[in-house]
Amino acid sequence: MAERSALDLDALTISDRFQLFNFTRRDDHVTYLWILRALDRLREVHRVQAGAEDLAATLRELAAAHDGVPALDTADLRYRLDELYADRVVHRFDDASRAGNLARYRNRQSVYQFSELGYRAYRAVEGVLGARSEDVNLSRLVLSDVLEDLRALADANRTGRAEHVYRRLSRLDTVMEDMGRRSAQFHVTLGEILRSTDASPDTFLRYKNALLVHMTEFMAELDRHQPRLERAVREVEDTGLTTLLARAADTDERLFMDRDERLDDWRRRWSALRGWFTTEGGAPTRAAELHAATRSATSGVIALLRQLTEARRGGVNRATQLRHLAQWVFDTPDEGAAHALMGAAFNVRSARHLGVAHEDDEQISPNATWWDAPGVEVSVTLFRSGKAPTAGVPKPVRRNPNARAELRRRQAADRSADRQAAARLAEEGAHDRVLDEVDTRVLLRLITRALESRAVVAGRLSSATGTDEGTLVRLVPSDTGSTVRTTRGLLHLPGMRLELAPRARGAAR
């Protein structure tokens, strides 16, 4: 079954899962690897949980058969297991049943077992360590099995056998995933072989015939099965693709996914399988891309074979060139000429030394050597070009016409709302009703202007006026004062009576 795509994971989840590989970055990473191997060996004999004593005994068994197994006591082993527990590679459980006496009961008696993700991380590391380039191939014989499974899938869906549909579809998904992985690995390994022939041409020449025969037979088999596989995929879809995927989702026993999630997962897998053999929108199929890549690799192998054959026939290759160069260097008159010749042959130049002043020169003794003096930061510009970095030209002002247009639109809307509110205040007044937010804002602005213009006459405040948006406000001294109701509460004007009226045309603002 294909694994869930990791592209949908967030950054926090990815960081937590990278923590599972912390044991590979420690100084004693080999010791941690042998501890996990011992835990895996106990898991193989159905002992899922194990204590430090059990793992120590297993390590002694591994040491008898393998070199390099560390000898650890129980305390050191428990410490390293706790480190793996902190990295979430293993789970830790307290087991009081292992305490044979009161002293051991008071000490922590813990057992450990692989976590699900921890076991996957361990197997991934073992997979990298045990990978062999000799195992690569293009899975030529699997094409006939895929054709048989597609025909059986169509028959199972046509006759309504849901469990057979699930089994065949799962097998096809696994086979196609393995085929894609093997083909990618084959071409990567082939590229490494082609790049390394200068150092070991004998290895390439030893396997050239088998390599060419293998790629030629795979292309012939792919050409023979491609039209049959395309017809088989369309026959499966003709039996009812929606029914097929629904049966697979209903039979799928993944408990922690609901039916819609399982259905979407199987729809995605069928789309990937279909893309191998059927075209859609003029795009080439994955089988056609694999065929083209294999044909190109075959041409590269033949070209390299011709190059090696001509080099051996003419007696000039990388090995002979290096021997001639070594003879020239040996025959140079002095050491300087030898260095100059090697530098010209391999384009080797002397290192450039950069000098930068320290921030505090008084802290560095002038007698300190380059080796003992503390380092200073060197800019990338100075390192690459030998020139000190400058501030450079100022960056252009970033213009955002859309934001400016939006601001103008909002300002125009606010001005229009203020004008309408001022007209309502002039027509309906501020009393005997509840003012909304806009009316209150305009009224407060009118009152502010009126209060700024008031004056003292004969020791008393005279009336004050203010205008805004075509509305005139007058604050007249009054013993009773006035009160205005707003949506935010009551506005009291003690000692002042509020009067509102339209501003006369031509009046000064």
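Helices (H or I, at least four residues) and strands (E, at least two) are DSSP runs, numbered from the N terminus. The views below show a predicted model, in which local features need pLDDT of at least 70 and side-chain atom pairs count only at pLDDT 80 or more, while totals for chains, interfaces and linings use all residues. Residues are numbered from 1 along each chain as its sequence is written, and side-chain values use heavy atoms, with hydrogens and water left out.

**View 1. The protein chain as a whole.** The chain contains 17 helices and 11 strands. Of its 509 residues, 32% count as buried; buried means under 20% relative accessible area, exposed over 50%, and partly exposed in between (1.4 Å probe, protein chains only). Among contacts (heavy atoms within 4.5 Å) with a separation of 6 or more, 61% join residues 24 or more positions apart.

View 2. Helix H2 covers residues 29-44. The expected span of a helix is 1.5 Å times one less than its number of residues. The 16 residues of H2 should therefore span 22 Å, and the end C-alpha atoms are 23 Å apart, which agrees. Buried residues of H2 include Tyr 32, Trp 34, Leu 39 and Asp 40. The cover over the buried residues of H2 includes strand S1 (50-51), helix H3 (52-65), helix H4 (74-86), strand S2 (90-94), strand S3 (110-114) and helix H6 (116-129). Just after H2, His 46 adopts a positive phi of about 65 degrees.

View 3. Strands of a sheet pair through backbone hydrogen bonds, either parallel or antiparallel. Here an open sheet has the order S1-S3-S2, with antiparallel pairing. S1 and S2 are the edge strands, each pairing on one side only. Two strands pair if DSSP finds at least two bridges between them; S1 and S3 pair over two bridges. Gly 51 stands opposite Val 111 in S3.

**View 4. The hairpin of S9 and S10.** Strand S9 (residues 482-486) and strand S10 (residues 489-493) pair in the antiparallel sense over five bridges. The hairpin joins S9 to S10 through two residues. Val 484 has Leu 491 in S10 as its bridge partner.

**View 5. The second largest cavity.** A cavity is a set of points, on a 1 Å grid over the protein atoms alone, where a 1.4 Å probe fits but cannot get out; lining residues have an atom within 4 Å of a point. The lining consists of Leu 169, Asp 173, Trp 266, Arg 269, Trp 270 and Leu 273. Helix H8 (162-195) and helix H11 (259-277) each supply at least two lining residues, and H11 gives the most, with four.

**View 6. Leu 305 in helix H12.** Leu 305 lies in helix H12 (residues 286-314). This residue is buried, with a relative accessible area of 17%. Leu 305 and Lys 208 are 97 residues apart in sequence and 7.9 Å apart in space, C-alpha to C-alpha.

How values were computed
1 Å grid on protein atoms, 1.4 Å probe; cavity = no way out; pocket = protein on both sides within 12 Å on 5 of 7 lines; lining within 4 Å.
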